[in-house]
Amino acid sequence: MLQTFLTLFAEREKEIKEWLNHYREPLKDPIYASVDLRNAGFKMSPVDTNIFPAGWNNLCHRSRRTAAEKLIVFIAQSYPGTKKIMILPEHHTRNTYYLTNLSQLLEIVELAGFEAKIGNFSPENQESRLELETSEGRKITEHQVERKGDLLIADGWSADLYLLNNDLSGGIPEILKKLDRPLIPAPYGGWHTRIKSDHFHYYQILVTMFCEEFGLDPWLLSAYFDHMDEVDLSSEKSLKMLAEKADALLEKIGKKYAEYGVKDTPFLFIKNESGTYGMGITTVESGKEILEFNRDERKKMSTGKDKVKITKLILQEGVPTVEKLEGHISEPVLYMIASEVIGGFFRIHSERSERENLNTPGMTFSKMCIHYLKKYRNDYDTSITTEAMLPIYTIIAELASIATGYELIGLEYHQKSS
């Protein structure tokens, strides 16, 4: 199947780019995004899309330069006259790896020619300036943010545009509401309101149109899913309902496996609908496994980031990964500015299998640069190189990011009408 993708995307590259640009053009958001992909050989699919991406430090220098170039164009078109940008980060002042990401994001914004500062809007911070050290030993400064009228002021400095790098899992703080300057990505796209099944609903619509245009089965570029609201894993009734949904979805996937001669056993990822950082995730091969969840498994699936209680779950078709680096299981993560891929990296885990979540402690990263990828291996087709796969990664990731743009339009409409 990979060879089918490669042939199609090579022969119709121009048409595909024109199709993507047609659906990308009306969008003003997201300014940036990252997409986690899984490649099973017989199919590929996005499995998560983040519109407040960290991990900019895992991109190679060439990708960061490309990001700056795309940022210049995006800001000029969408927010003309912008000269100063304030980055509003997560409150991870002790997470040195996040600080390294922040340092690289600041570098990209400055490389694009903007004056930039990092603003700290944590209510717990009492310092006007925080001098912090990244995991690489670099120094960065976070400036305490004050609100004056409808503006944010950091150490006497104000910006023309606020760039949010905080997924707002706990909700939108008062300091960020009804500002006089643009705040992007839109805060209503944070995990306090955004849910994964909505995103994949928009993606499914878009990828179905794409596949109709180019003669593919949409299942080959997507993952089946279902969702469940008002989940209480301490309730036997709730567990039973979740198990029934799982069995129905597994049966649907099994029919596709039979159609394409796939010999593997279908499985599901069960995830927090509004989750991030790889929290609140488990895998199952049957509804029976859900009914047999022990106390620890129920606890793991009940609390997400910032100790927010999990009340909604998405059941997502498990897509195994056939890709390896240095002999270890890996998966590609693509980064975009204005829904155009600028680079990415491989997430690698030496202690996980091809059917497990890799976004867990112990993961490492390899920049998606040729000199980093000499030991890439595709277990589905060992003749395929990373360079050959990059166009396919790019198309799927851009489809997911464009879908996120339409998802944000839907969230904006819902916010204004509620």
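Helix α5 is followed by Gly215, whose phi is positive, near 70°. That is one local detail of a predicted model. The search of the whole structure finds one cavity of 30 Å³ or more. The second largest pocket has a volume of about 750 Å³.

**Helix α5**

- Helix α5 covers residues 196-214, which makes 19 residues.
- From its first C-alpha to its last, α5 reaches 26 Å. That is close to the 27 Å expected at 1.5 Å a residue.
- The buried residues of α5 are Lys196, Ser197, His199, Phe200, Tyr203, Leu206, Val207, Phe210, Cys211 and Phe214.
- An α-helix has 3.6 residues a turn, so residues three or four places apart point the same way.

**The largest cavity**

- Its volume is about 50 Å³.
- The residues that line the largest cavity are Ile31, Tyr32, Trp56, Leu71, Leu105, Ile108, Val109, Leu163 and Ile337.
- The lining has nine nonpolar residues, with no polar and no charged ones.
- Helix α4 (residues 96-111) gives the most to this lining, with three residues.

**The second largest pocket**

- This pocket has a volume of about 750 Å³. Of the 33 residues that line the pocket, the closest to its centre are Val341, Ile342, Gly343, Leu390 and Thr394.
- Five elements are listed as giving two or more residues to the lining: α1 (2-11), α2 (13-24), α3 (61-78), β17 (340-349) and α9 (386-417).
- By type, the lining of the second largest pocket divides into 16 nonpolar, eight polar and nine charged residues.

- Glu398 is found in helix α9. Its relative accessible area is 8%, so Glu398 is buried.
- The side chain of Glu398 makes a polar contact with the side chain of Arg24, at 3.1 Å.
- Neighbours within four places in sequence aside, Glu398 is in contact with Leu20, Arg24, Met336, Ser339, Glu340 and Val341.
- Ala33 lies in strand β1 (residues 32-39). With 0% relative accessibility, Ala33 counts as buried.
- Along the chain, Ala33 and Glu398 are 365 residues apart. Their C-alpha atoms are separated by 9.5 Å.
- Ala33 is in contact with Asn50, Ile51, Pro53, Leu334, Tyr335, Met336 and Ser401, again leaving aside neighbours within four places in sequence.
- Met336 is among the contacts of Glu398, and Met336 is also among those of Ala33.

**Cis peptide bonds**

- Most residues other than glycine have a negative phi, and most peptide bonds are trans.
- The bond from Asp29 to Pro30 is cis, with omega near 5°. Pro30 has its place in the loop between α2 and β1.
- Ile184 and Pro185 are also joined by a cis peptide bond, with omega about -10°.

- Asp155 is not a glycine, yet its phi is positive, about 55°. Asp155 is placed in the loop between β7 (151-154) and β8 (157-158).
- The relative accessible area of Asp155 is 36%, so this residue is partly exposed.
- Glu326, another residue other than glycine, has a positive phi near 55°. Glu326 lies in the loop between β15 (323-325) and β16 (328-337).
- At 49% relative accessibility, Glu326 counts as partly exposed. Exposed would require over 50%.

**Gln77 and Glu326**

- Gln77 is found in helix α3. The relative accessible area of Gln77 is 63%, so Gln77 is exposed.
- Gln77 and Glu326 are 249 residues apart along the chain. Their C-alpha atoms are separated by 42 Å.

Conventions: Residues are numbered from 1 along each chain as its sequence is written. This is a predicted model: local features need pLDDT of at least 70, side-chain atom pairs count only at pLDDT 80 or more; totals for chains, interfaces and linings use all residues. Side-chain values use heavy atoms; hydrogens and water are left out. On a 1 Å grid over the protein atoms alone, a cavity is a set of points where a 1.4 Å probe fits but cannot get out, and a pocket is an open set with protein on both sides within 12 Å along at least five of seven lines; lining residues have an atom within 4 Å of a point. Grid points are joined across faces, edges and corners, and a volume is the space filled by probe spheres set on the points. Helices (H or I, at least four residues) and strands (E, at least two) are DSSP runs, numbered from the N terminus. Ala, Val, Leu, Ile, Met, Phe, Trp, Tyr, Cys and Pro count as nonpolar, Asp, Glu, Lys and Arg as charged, and the others, Gly among them, as polar. Buried means under 20% relative accessible area, exposed over 50%, partly exposed in between (1.4 Å probe, protein chains only). A polar contact is a pair of N or O atoms within 3.5 Å; within protein, one must be able to donate a hydrogen and the other to accept it, and residues adjacent in sequence count only if both atoms are side-chain atoms. Contact means heavy atoms within 4.5 Å. The expected span of a helix is 1.5 Å times one less than its number of residues.
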